[in-house]
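Here are some notes for your first reading of this model. Please keep the structure open while you go through the points.

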Amino acid sequence: MNKTIVIIGAGKGISYEAAKNFGLKGYKVALISRTLSSLQKLENELAAQGITAKGFQGDVSSVSSLKDALSAVREEFGDEIEILLYNAASIRPGQPTTILTEDFIFDFKVNVAGALSAVQEVLPFIKKETGSILLTGGGLALHPNADVASLSVGKAGLRNLAHSLHQELTPKGVYVGTLTINGYVQEDTYFSGDKIAEALFMMHENKGEVEVVYREA
């Protein structure tokens with residue numbers, strides 16, 4: 001098996017657990033993040049578990065930076081990509097009437113536009129019929145919070161984008177899904193990173209609904 005998962009927004013938590021989950025199932029793992037030192041640490045931790053993983057420096061708020069990173073991924077792992085997981089987010093406190101417009105726009109670039117740029121860049125290389133595009137959503141898309149206004153708008157925008165992409169790409173053989181995490185990610189709880197990673201894997205395997213709402217029963 002020669003399958004590659006590209007994880008954008010690599011770091012501890014969901015991204016690391018997803019890298020471990022898919023990596024232990026035989027996937028090669030490409031990690032994209034702005035911070036080179038954190039990428040190297042993730043590489044080492046995954047390699048210690050026998051997982052083939054490599055980090056690539058890229059800034060999702062910059063189309064050119066993201067394109068360069070994804071180009072480097074293909075040079076390293078080949079042109080065929082099985083899964084794109086977009087897990088980048090800009091989390092900034094601020095109410096609608098006080099947040100600076102430039103900060104709001106930057107957050108939107110990271111939370112929504114970066115996902116679109118990643119999809120547009122990766123789509124020609126996604127395996128048809130077996131490939132998946134997975135977007136990490138959040139409960140703020142359904143229940144916005146004024147204290148994190150930009151993230152609330154971002155998650156709502158990402159959810160809308162997922163539905164739009166699903167409508168467009170499903171007939172072309174590419175599954176698009178968003179996992180709406182309706183709770184706070186915390187280890188040793190229902191919302192632990194490893195459980196969320198397994199939910200993402202099952203979305204890829206099942207290729208069912210566009211949105212899976214992850215919440216306690």
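Leaving aside its neighbours within four places in sequence, which residues is glycine 11 in contact with?

1. The model is a predicted one. Glycine 11 is in contact with Tyr16 and Leu42, once neighbours within four places in sequence are set aside.

2. To find glycine 11, look at the loop between β1 (4–8) and α1 (14–24). Its relative accessible area is 17%. The cut-off for buried is under 20%, so glycine 11 counts as buried.

3. Isoleucine 32 gives another point of reference. It is 21 residues from glycine 11 in sequence, and the two C-alpha atoms are 9.0 Å apart in space.

4. Now the chain as a whole. It has six helices and seven strands. Read from the N terminus on, the order of the elements is β-α-β-α-β-α-β-α-β-α-β-α-β.

5. Along the principal axes, the C-alpha atoms fill a box of roughly 50 × 40 × 35 Å.

6. Of the 217 residues, 50% count as buried. Among contacts with a separation of 6 or more, 71% are between residues 24 or more positions apart.

Terms used:
Residues are numbered from 1 along each chain as its sequence is written. This is a predicted model: local features need pLDDT of at least 70, side-chain atom pairs count only at pLDDT 80 or more; totals for chains, interfaces and linings use all residues. Side-chain values use heavy atoms; hydrogens and water are left out. Helices (H or I, at least four residues) and strands (E, at least two) are DSSP runs, numbered from the N terminus. Buried means under 20% relative accessible area, exposed over 50%, partly exposed in between (1.4 Å probe, protein chains only). Contact means heavy atoms within 4.5 Å.
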